[in-house]
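Colleague: Please take me through one part of this model slowly, beginning with a single residue. Then widen the view step by step.

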Amino acid sequence: MLLGGWRALRLHDLKLVLAYGTVSQLGLLTVLTGAGRHDTGLAATAMILGHALFKAPLFLVTGIVDHATGTRDLRKLSGLGRRLPAVCAVAVLAGASMAAVPPLLGFSAKEAAFQALLDGSTGDRWALAAAVVGSALTTAYTLRYLWGAFARKPGLPDTTAHPVPAAFLAPPAVLALACLVLGPGVSWLQGLLGTYAGQFPAPAHPYHLALWHGAGLALGLSGAAWAGGVLLFLAASPVTRAGQRLAWRSADLVFGRMLLALERTALQCTGFVQRGSLSVYLVTTMSVVLAGQIAVLVADEPWTDVPAPRLWDHPAQAAVALLTCAAALLCLGVRRRMKAVVFAGLTGYGTALLFVAQGAPDLALTQFCVETVSMIVFVLVLRRMPVRFEENFSRWRRLLRMPVALAGGAAVAVVVWIMAGHRRADSAGAAMVEETAHHGLKDVVATILVDLRAWDTMGESAVLAAAAIGVTSLIYLHRRADGAEQPVLPLPGDHPHAGLRTAWRASRYESAGLPTGDEGGPERTWLAASATLAPERRSLVLEVVARLIFHPVLVLSVYLLLCAENLPGGGFVAGLTAGVAFIARYLAGGRHELADAVPFKPGVFTGLGLFLSTGVALGGLGEGTVLHGWTWHGHLPVWGEAHLSTAVLFDCGVYLLVLGVVLDIVRALGARIDRQIERAAPRPEAGRA
Amino acid sequence: MTVSLSLLVAAAVLNAVGATLLLTRSLTRILLGAVVLGNGVNLLVLAATGSAGEAPCSTRTSSATASPTRCPRPSP
């Protein structure tokens, strides 16, 4: 409101004077509309109408002047009022309305605005003060406009102008006359303009639009505005000079500079923060999280009524915890990669033992299997890496990370202690046990996995399959299954039941007159490594043991799969166990042994497993809900009392899927790396871990 | 509900070691750090579950008389 008016006072283009005047008027309109009361709403609508009716003819008149004289520069125009009196009259009429001179519409609207703001709160009074100053500026730039367009200026020759046809002048004339007519007749507009104001709750004495409200404070303010405006206009040259001196920067320039500075700051910030070092990022993240935690802890002191922790549940628990800590600390200090992997694995086994001590055999079983498989995978990968770590970190890094890590460990432990101490809700365990017993089952965890929360299990299985396929595919960016992994020498009778390739091989060897079957086969074909591994890389004991325990472990895995309803077990553990059996074959006999043991692509297992479990889940739709389980109790001839459930089928899917994932990983990280090593080696030899 | 100090200390040590390993430069150590940190978090969850109990299997009672009191707390 003020800035627009102020800038209008030092511009030389008539159109720009009006345009900045519009900016000023929009400020006033925003104040009025934003006040959000009945009276201000009424004043705002009146002001909008008034503004439309005086600003439009003024712009049109500016266009006419431009057309007639060829310029809008008020420094070049002179004596136009004499030459174009009709145009001048229209402009004066509209301008008077803009300057809120009675009896025009602008006056009525401005009076309404002043009165509405006068009746308002303290904030409205401040707005009123600004509005009065704005009105003074309005008067000043109106006078500047009229003077600039039409007055005769000393030292300037009269501007020549074409005559203006009447039809050309008619539109602004009509609008200006409307200002004149609607000024006294503003009360007719009460109904139209009051519609918007009617949206607000009406005050006790609502304002009514009228030309004359008596000689009140509002009129006095209008008078002050006129006087101020005239003074400002008379002091035109000092005002213009002051304005130009104050306007030492244009907004464009300021904006451009700000943008440039912002960009530079952003670049410097990015360069400073994004150092490309993972540990710096991690330290930053952890420090922020820790600072937040510690701040909350210190401010809240939530530990006041938390019971002190008991020392242990059982002395064995403390002993295992101690050993686990020792393994972890040793893992920190060792220089050899393999040792570090073993110690990290030991922490996992320690965790599993703590699970056992806590009474969670299912978890412990899973943890043991996962830890075993992941340790083997680690070892398989680390074969290709240097034996020792490269110790090239500086002293300050060590100094920095130690306290951060220690604080992190301590903070999470304290938070868990406080959290558990504040726990009031009952454990969900009793309900779970009841639900399990209701189904006639015994193992609560397995029931949760395959029945109560089967959706979760299904989703996680799918994620596991996708992740394994993605990872193993990404490691080697070509086909996952490779025909070159065939055994060099085919093995007769290794798996009579195991697929086309073996059957084909067996028949070929039968036709060659070679004996089949384990008992009849010569030793060198019973152990594939005899033909594919160099003698110095073989361990006969390991090979034989792996070969002998292979089938028992597979049977154990099937047992774990089927016993899940009554004993710790389940598809996931069973799948991992079966995977371990195959891994043992691979470790003992190399990749050819593995290829012989699993004549299928691992993807077949994964896909079949996923298909089975989702199929069972979708089959439940037959009963109305996804994952509906059917159970059958009965008597089988040999088995005796039998209890079959679709949940077991679901678990079979999980079993196959996990087995497929393990095989996939062993193939990708074991067998494929073997082949890389063989290719890199001068003598083509089959590698072994 | 109280927690077991042994579990809590083991979890804190494992978490601290895991964090330290994560902050090193060697990628292998970072991976091992993730493994150790994972074990530490498992222990935290375990510590938050309450006191040790029997396995959540009602094997010692027949299924018909399986009572919730035999299985005070299933594992998390």
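Modeller: Start with Ser461(A). Ser461(A) sits in helix α20 of chain A, which covers residues 454–475. Helices here are DSSP runs of H or I with at least four residues, strands are runs of E with at least two, and both are numbered from the N terminus. This is a predicted model, in which local features need pLDDT of at least 70, side-chain atom pairs count only at pLDDT 80 or more, and totals for chains, interfaces and linings use all residues. Residues are numbered from 1 along each chain as its sequence is written, chains are lettered from A and ligands numbered from 1 in the order in which they are written, and side-chain values use heavy atoms, with hydrogens and water left out.

Now the surroundings of Ser461(A). Its relative accessible area is 7%, so Ser461(A) is buried. Buried means under 20% relative accessible area, exposed means over 50%, and partly exposed lies in between (1.4 Å probe, protein chains only). Set aside residues up to four places away in sequence, and Ser461(A) touches Leu610(A), Val654(A) and Leu657(A). Contact means heavy atoms within 4.5 Å.

Next, take Val658(A). Helix α27 of chain A, residues 646–680, holds Val658(A). Val658(A) counts as buried because its relative accessibility is 3%. Beyond its neighbours within four places in sequence, Val658(A) contacts Leu464(A), Phe572(A), Gly575(A) and Leu576(A). Look at Phe572(A) in that list. Phe572(A) and Val658(A) are 86 residues apart along the chain, yet their C-alpha atoms are separated by 6.3 Å.

Chain A has 689 residues, and 45% of them are buried. Its elements are 27 helices and 2 strands.

Now the nonpolar cores. A nonpolar core is a set of buried Ala, Val, Leu, Ile, Met, Phe, Trp, Tyr and Cys residues joined through side-chain atoms within 4.5 Å. In soluble globular proteins, nonpolar side chains tend to be buried together. The largest core here has 65 residues, and those with the most contacts inside it include Val61(A), Val87(A), Tyr145(A) and Phe150(A). Several helices of chain A give two or more residues to this core, among them α2 (14–35), α5 (85–98) and α7 (122–150). The largest share comes from α3(A), with 12 residues. Leaving out neighbours within four places in sequence, Val61(A) contacts Val87(A), Val90(A), Ala91(A), Tyr145(A), Phe150(A) and Pro172(A). Apart from this core lies another, of 42 residues, which includes Ala340(A), Ala364(A), Leu8(B) and Leu44(B).

That brings in chain B. The contact between the chains takes 57 residues from chain B and 72 residues from chain A. Together the two chains bury about 5,600 Å², and 70% of that is on carbon and sulfur atoms. Buried area is the accessible area (1.4 Å probe) that two parts lose on being put together, summed over both. Met1(B), Leu23(B) and Arg29(B) supply 13% of the area that chain B buries against chain A, more than any other three residues. Between the chains there are 10 residue pairs in polar contact, with both residues at pLDDT 80 or more. A polar contact is a pair of N or O atoms within 3.5 Å; within protein, one must be able to donate a hydrogen and the other to accept it, and residues adjacent in sequence count only if both atoms are side-chain atoms. On the side of chain B that touches chain A, the elements giving two or more residues are α1 (5–22) and α2 (27–47) of chain B. Of these, α1(B) gives the most, with 16 residues.

Finally, charged pairs. A salt bridge is a side-chain nitrogen of Lys or Arg within 4 Å of a carboxyl oxygen of Asp or Glu. Chain B and chain A share 0 salt bridges. Over all chains, the whole structure has 7. One of them joins the side chains of Arg75(A) and Asp73(A), at 3.0 Å from N to O. Arg75(A) is partly exposed, because its relative accessible area is 47%. Asp73(A) has 16%, so Asp73(A) is buried. Another bridge pairs Arg453(A) with Asp456(A), at 2.9 Å from N to O. Arg453(A) is partly exposed at 44% relative accessible area, and Asp456(A) is partly exposed at 34% relative accessibility. Asp13(A), Asp66(A) and Arg72(A) form one network, joined by salt bridges that share partners.
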